[in-house]
Amino acid sequence: MTPLNDSTLAELVRCARAVAARAYAPYSRFRVGAAVLTGDGTVFDGCNVENASYGLTICAERNALFQMVGSGRTDVAAVVIYTPTPEPTAPCGACRQVINEFGPNALVVSVCDGPGVITRRLAELLPGAFGPENLGS
């Protein structure tokens with residue numbers, strides 16, 4: 001697994017901020033960007049894409065994760081989320097569940113326009129998570 005050193009974290013933050021600018025958020029005006037780091041050091045990014053039928057909206061984190069899966073990867077080492085807010089915003093419950101599918105031990109870092117940062121392991125954000133091991137296959 002690729003270590004998340006200061007240089008790698010800075011690159012993930014830069015990536016998440018850049019992709020947030022491309023978000024399609026005409027309803028909430030809440031542009032979110034996410035960068036996913038795989039175990040081999042590959043980075044995938046995604047932004048939120050809203051829809052007039054709100055339930056069809058996709059969060060930035062899931063967008064990035066699905067880009068990763070579409071490229072044949074399934075191993076998440078870290079996820080960085082950027083929100084244009086004074087305080088960082090942790091991922092929603094649906095995104096936590098999807099991160100768990102591919103990175104139950106992933107590091108999740110939320111950054112913002114202010115100085116605050118939330119840094120947690122996925123297991124801290126989603127204790128007792130439901131995952132593939134619960135299906136007993």
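Predicted model: local features only at pLDDT ≥ 70, side-chain atom pairs only at ≥ 80, totals over all residues.
**Entry 1: the tyrosine patch**

I looked for nonpolar surface first. Tyr24, Tyr27, Val49 and Tyr54 make a nonpolar patch of about 440 Å². I placed Tyr24 in the loop between α1 (6-20) and β1 (33-38). Its relative accessible area is 45%, so I logged Tyr24 as partly exposed. Tyr27 comes out at 40% and is also partly exposed. Tyr54 reaches 61%; the cut-off for exposed is over 50%, so Tyr54 counts as exposed.

I then searched the whole structure for aromatic pairs and found one. Tyr27 and Tyr54 form this pair, edge-to-face, with 5.9 Å centre to centre and 75° between the planes. Tyr27 sits in the loop between α1 and β1, and Tyr54 in the loop between β2 (43-47) and α2 (60-70), so the pair ties together parts 27 residues apart in sequence.

**Entry 2: the cores**

Next I went inside. The largest nonpolar core holds 19 residues. Val36, Leu65, Met68, Val76, Val79, Ile99 and Val108 have the most contacts within it. At least two residues each come from β1, α2, β3 (76-82), α3 (93-102) and α4 (122-125). α2 gives the largest share, with four residues. Another core of 14 residues lies apart from it, and includes Leu12, Ala20, Ala35 and Val80.

Beyond its neighbours within four places in sequence, Ile99 contacts Leu65, Val79, Pro104, Ala106, Val108 and Leu122.

**Entry 3: helix α2**

Which residues of α2 are buried? I listed Ala60, Glu61, Arg62, Asn63, Ala64, Leu65 and Met68. Against which elements do the buried residues of α2 pack? I found β1, β2, β3 and α3. After α2 comes Gly72, with a positive phi near 90°.

I checked Asn63, which belongs to α2. Its relative accessible area is 15%, and buried means under 20%, so Asn63 is buried. Leaving out residues up to four places away in sequence, Asn63 touches Gly46, Cys47, Val49 and Ile58. Val49 had already turned up in the tyrosine patch.

**Entry 4: salt bridges**

Arg14 pairs with Glu11, their closest N and O atoms 2.7 Å apart. Both lie in helix α1, three residues apart, about one turn of the helix. Residues three or four places apart on an α-helix point the same way, because there are 3.6 residues a turn. I have Arg14 as partly exposed at 46% relative accessibility. Glu11 is partly exposed too, at 39%.

Arg22 meets Asp45 in a salt bridge at 3.6 Å, N to O. Arg22 is in the loop between α1 and β1 and Asp45 is in strand β2, so this pair ties together parts 23 residues apart in sequence. Arg22 is exposed at 55% relative accessibility, whereas Asp45 is partly exposed at 27%. Arg22 also touches Arg31 and Cys47. I noted one spacing as well: Arg22 and Val32 are ten residues apart in sequence and 9.0 Å apart in space, C-alpha to C-alpha.

Arg73 bridges to Asp40, with 3.4 Å between the closest N and O atoms. This pair links distant parts of the chain, 33 residues apart. Arg73 is in the loop between α2 and β3, and Asp40 in the loop between β1 and β2. I logged Arg73 as partly exposed at 26%, and Asp40 as partly exposed at 48%.

Technical notes. Residues numbered from 1 in each chain as written. Heavy atoms only, no water. Patch = residues over 30% accessible without salt bridge, like charges linked within 9 Å, V, L, I, M, F, W, Y side chains within 5 Å. Areas by Shrake-Rupley, 256 points an atom, 1.4 Å probe, with all protein chains shown as cover. Salt bridge = Lys/Arg side-chain N within 4 Å of Asp/Glu carboxyl O. Buried < 20%, exposed > 50% of the residue type's maximum accessible area, 1.4 Å probe, protein only. Phe/Tyr/Trp six-rings, centres within 6.5 Å; stacked < 30°, edge-to-face > 60°. Core = buried A, V, L, I, M, F, W, Y, C linked by side-chain atoms within 4.5 Å. Contact = heavy atoms within 4.5 Å.
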